[in-house]
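Please look over the sequence and the structure shown below before reading on.

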Amino acid sequence: MNIQDNYLKNKKNIFFTENEDVENHRKKLINIFEKDRFDKKNNESLKNVNLKNFLDFNYKYLVPEETSVINNNHDNSYSIVSVNGQCASFKDDKIEITKILDEDYNDFSKNDTIEKNDHFVNLNSLFLNSGFKIIIKKNNNIKIKISNIITDDDLTIFQKNNYICEDGSSLNLIEEFENKNNSTSNILNVIKLEKNSQLNHFLIQDNAPDHNLIITTHSSCKKDSIYNQKVYNFSEGYVRNFHYSELIETNSEADLQGIFFLKDNNTSNNKTFVKHLAENCKSNQVYKGILNDHSKATYFSNTHVDQEAQKTEGYQLSKGILLSDNASYFSKPELKIYADDVKCSHGSTIGPIDENAIFYLRSRGMSKIAATKILISSFINEELSSIDNEQMSEKIQKKLVRYLSQVK
Amino acid sequence: MNSETLNTLDSYSKNKYKYGFVTDIDNEKPKKGLNEDTIKFISLKKNEPDWMLEWRLKAFLKWKKMKEPKWANLNFPQIDYQDIYYYSAPKGFDKKPKDLSEVDPKLIETYNKLGIPLEEQKVLAGVAVDVVFDSVSVATTYKGELEKLGIIFCSIGEAIQKHPDLIKKYLGSVIPPGDHSFSALNSAVFTDGSFVYIPEGVKCPMELSTYFRINAENTGQFERTLIIADKGSYVSYLEGCTAPKRDDNQLHAANVELIALEDAEIKYSTVQNWYPGDEDGKGGIYNFVTKRGLCAGKNSKISWTQVETGSAITWKYPSCILKGDNSIGEFYSVAITNNFQQADTGTKMTHIGKNTKSKIISKGISLGKSQNTYRGEVSFLRKADKARNYTQCDSLLVGNKCGAHTVPYIDSKNNTAVIEHEASTSKINEDQLYYCRQRGLSHEEAVSLIVNGFCKQVLQELPMEFAVEAQKLVSISLEGSVG
């Protein structure tokens with residue numbers, strides 16, 4: 001079934017079909033799909049993607065029966081359960097949670113500075129069927145944990161979430177994705193950081209082999225704001241992590257980091273993109289990957305420095321370890337620089353585990369497997385030790401141990 | 001900075017583009033445009049055998065179906081292939097002169113202006129020069145000495161006549177005519193270029209060199225160079241270009257193929273100084289070059305060194321296919337863009353054999369309103385056990401209206417291969433500048449000195465004669481745009 005038919009058939013389940021602006025935008029999107037038939041050759045971001053699964057899909061969505069629960073634990077921490085991409089509304093003097101609104105949709109579709117040439121984001125806009133909006137009010141310091149739960153098999157979730165951190169606020173956001181069914185979720189997070197705000201965003205991904213997760217983040221940072229993102233991908237199913245950050249006012253920072261652990265026939269596509277549009281901003285993009293068996297990964301990183309963005313510091317680092325003959329890793333660290341007073345660099349390495357280090361450990365009586373495991377742990381130690389949440393740290397350690405137990 | 005560089009800077013600041021003159025020689029041209037008749041005309045003029053004409057026509061058929069590659073970060077108006085002359089030879093060259101005295105004196109004068117007096121070079125420099133002036137080889141020197149060693153160094157036209165076996169075997173074997181539209185175009189209409197064959201075990205005693213020069217207006221130059229180094233041989237090849245000042249854009253689409261067999265080594269150095277257009281970005285050469293080397297045998301080595309200062313558009317990716325076990329590929333590049341120049345250049349290292357090694361050092365300098373892109377691909381295929389790559393690409397920005405971009409593609413399919421890539425982009429270090437200024441250098445001299453230091457890693461890879469010329473070129477290219 002082509003995309004247009006699929007859309008028309010399932011219109012009743014899709015958000016904002018009555019809004020004229022939304023419909024006009026969707027018409028444009030359908031046109032794009034008709035014209036550009038997912039040309040793999042000229043679009044590297046589609047490398048290793050099994051397109052058939054994502055284009056020829058059976059649309060299925062269930063409205064959750066039980067609305068999700070929000071607990072206020074009196075220590076400024078909230079835990080949210082999002083079921084099939086939806087959660088209940090909530091309001092107190094610190095935060096406000098509502099459904100996503102059509103004006104949020106139009107806000108996003110009309111924003112010209114955002115990288116729009118992304119088919120999966122377009123699919124998300126077209127089939128949008130869930131999502132919520134969280135506002136952190138001025139000068140509050142808050143922790144939120146979101147568990148993303150999908151209830152049934154074969155569901156296709158198209159979810160748009162908006163986060164707004166108002167002036168001077170600070171948010172610690174932990175998102176968990178631990179689903180055992182074979183559904184597909186396509187999530188777009190739109191994050192706005194107002195003046196002097198900070199968001200520490202952790203994404204823990206651990207889905208079953210048949211579960212597909214496509215997650216895209218668009219964050220924009222105003223004056224003196226900081227966006228930190230850390231992605232931990234232990235999924236056995238396909239995961240696509242595409243994260244864009246725009247530094248639109250001075251003195252803002254973006255730090256996009258990720259580690260992924262792949263095995264069997266799994267693939268993962270990763271991209272980070274930082275756009276420096278104002279002076280004195282800093283950015284950092286670091287991704288590390290460990291690939292075993294027949295797994296494949298791609299990582300695209302991109303630093304774009306506008307002509308106005310003098311005194312920019314932008315760094316990129318990509319490291320990959322291949323544990324098996326059949327694994328493959330593709331990385332493309334890109335720099336596009338139009339300002340002269342900048343410090344930008346990128347580094348990229350791909351290779352096996354250092355043989356000398358293995359030799360060192362083996363000569364001290366360790367088995368080869370034990371040595372390998374120690375070296376893998378140390379490779380990502382920096383990312384793990386920086387977690388200050390004990391509960392989360394333990395959880396990730398467990399997942400790491402599980403992954404390492406299958407390394408031979 | 002030494003006084004020599006200062007003097008050169010001084011002399012160059014007085015005359016804007018030294019090589020911007022036109023030699024008035026009658027040109028014999030076919031009609032404008034590209035069709036089968038044009039190709040038949042070229043083939044007839046070059047007195048080629050039928051199989052060559054057939055090869056050209058096949059390439060032309062492929063070209064007709066192809067579109068220009070779009071990956072490069074370049075902006076230029078659509079090329080009208082029907083508005084170009086595809087052949088131009090100075091008159092009276094149907095019969096080749098036997099020695100220099102028979103050559104048109106005006107040509108000799110041109111070379112004198114360029115600073116490469118043939119007579120003098122023949123005697124003093126010890127360099128055999130196969131000069132290409134508007135598509136036809138004018139004179140070939142030092143042939144005798146090379147012949148004694150069994151080295152074949154001639155124009156590709158001559159090689160088609162005299163060594164059809166080698167041409168049939170190797171032409172198009174590294175760059176297939178259907179690779180992309182520029183290689184197909186070149187295969188269809190190439191007019192001249194050099195052919196080098198180094199026999200087994202021979203180390204070529206001198207640097208072979210060719211000077212290219214575009215002369216006639218609206219004539220695309222389609223050079224085809226083929227270098228074959230047989231087992232255990234060595235050759236170093238120099239290529240240098242200057243072009244006269246023109247307002248119309250001139251198209252240049254050369255193909256260079258290198259083949260290194262077992263234990264052979266080829267060193268290919270280029271200094272490119274085509275006319276880059278004036279201060280407003282008007283005119284200049286469009287340079288679409290395909291250069292590819294095949295390390296076919298074990299322990300072979302191919303090394304590319306390039307200094308790119310000219311051309312309005314540079315589209316060039318000298319690459320190595322490392323097929324033989326233990327083979328080595330190297331790429332050293334300096335690319336300087338000024339005013340409205342655009343360069344999209346880099347390399348491609350494809351590791352196929354075991355223990356293959358490659359090294360990439362690229363230095364980009366952007367000035368004025370120019371755009372400078374490094375685009376390189378390193379790929380390790382499944383069987384490239386223990387392969388190794390090191391890539392370093394640095395960019396320097398001078399002024400806030402230019403752009404420097406780095407686009408590396410890194411692909412590893414082997415878990416014993418190691419790849420390292422690093423890149424940095426920055427402006428000229430203020431401390432270094434301050435240090436130089438304190439010691440009495442002017443701002444421009446200081447920048448020139450620092451940039452030369454920045455490029456040194458690449459420049460030192462050039463053969464002696466070229467290194468001196470390249471250093472001067474670097475200084476000249478910076479002129480007028482700093483401070």
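This is a predicted model: local features need pLDDT of at least 70, side-chain atom pairs count only at pLDDT 80 or more; totals for chains, interfaces and linings use all residues.

In soluble globular proteins, nonpolar side chains tend to be buried together. Here the largest nonpolar core has 198 residues, and those with the most contacts inside it are Val196(B), Ala229(B) and Ala260(B). Helix 11 of chain B, which covers residues 443-459, gives this core its largest share, eight residues. Chain A takes part as well: because domain 1 (3-352) and domain 2 (356-408) of chain A both give residues to this core, the core lies between them.

When its neighbours within four places in sequence are left aside, Ala229(B) is in contact with Ile198(B), Val235(B), Ile259(B), Ala260(B), Leu261(B), Ala264(B), Glu265(B) and Ile266(B).

Next comes strand 13 of chain B, residues 285-295. Why can strand 13 of chain B be called largely enclosed by the rest of the structure? The reason is that eleven of its eleven residues are buried. Ile285(B), Asn287(B), Val289(B), Lys291(B), Gly293(B) and Cys295(B) point one way from the strand, whereas Tyr286(B), Phe288(B), Thr290(B), Arg292(B) and Leu294(B) point the other way, and all of them are buried. The strands of chain B that pair with strand 13 are listed here, among them strand 10.

| Partner in chain B | Residues | Sense | Bridges to strand 13 |
|---|---|---|---|
| Strand 10 | 250-252 | parallel | three bridges |
| Strand 11 | 255-260 | parallel | six bridges |
| Strand 15 | 313-316 | parallel | four bridges |
| Strand 16 | 319-322 | parallel | four bridges |

Gln250(B) stands opposite Ile285(B) of strand 13, and the bridge partner of Asn255(B) in strand 13 is Thr290(B). Phe288(B) stands opposite Trp315(B) in strand 15 of chain B, while Leu294(B) has Ile321(B) in strand 16 of chain B as its bridge partner.

The last topic is the contact between the chains, which takes 31 residues from chain A and 28 residues from chain B. On the side of chain A that touches chain B, strand 19 (328-337) and strand 20 (342-351) each supply at least two residues. By class, this side of chain A has 14 nonpolar, ten polar and seven charged residues. Strand 20 of chain A also pairs with strand 24 of chain B (residues 418-427) in the antiparallel sense, over eight bridges, and Gly347(A) stands opposite Glu422(B) in strand 24 of chain B.

Definitions and conventions: Residues are numbered from 1 along each chain as its sequence is written. Chains are lettered from A and ligands numbered from 1 in the order in which they are written. A nonpolar core is a set of buried Ala, Val, Leu, Ile, Met, Phe, Trp, Tyr and Cys residues joined through C-beta atoms within 7 Å. A residue is buried if 20 or more other C-beta atoms lie within 10 Å of its own, exposed if 12 or fewer, and partly exposed in between; C-beta atoms are placed from the backbone. Domain bounds come from an automatic or database domain assignment. Two residues are in contact if their C-beta atoms, placed from the backbone, lie within 7 Å. Ala, Val, Leu, Ile, Met, Phe, Trp, Tyr, Cys and Pro count as nonpolar, Asp, Glu, Lys and Arg as charged, and the others, Gly among them, as polar. Two strands pair if DSSP finds at least two bridges between them.
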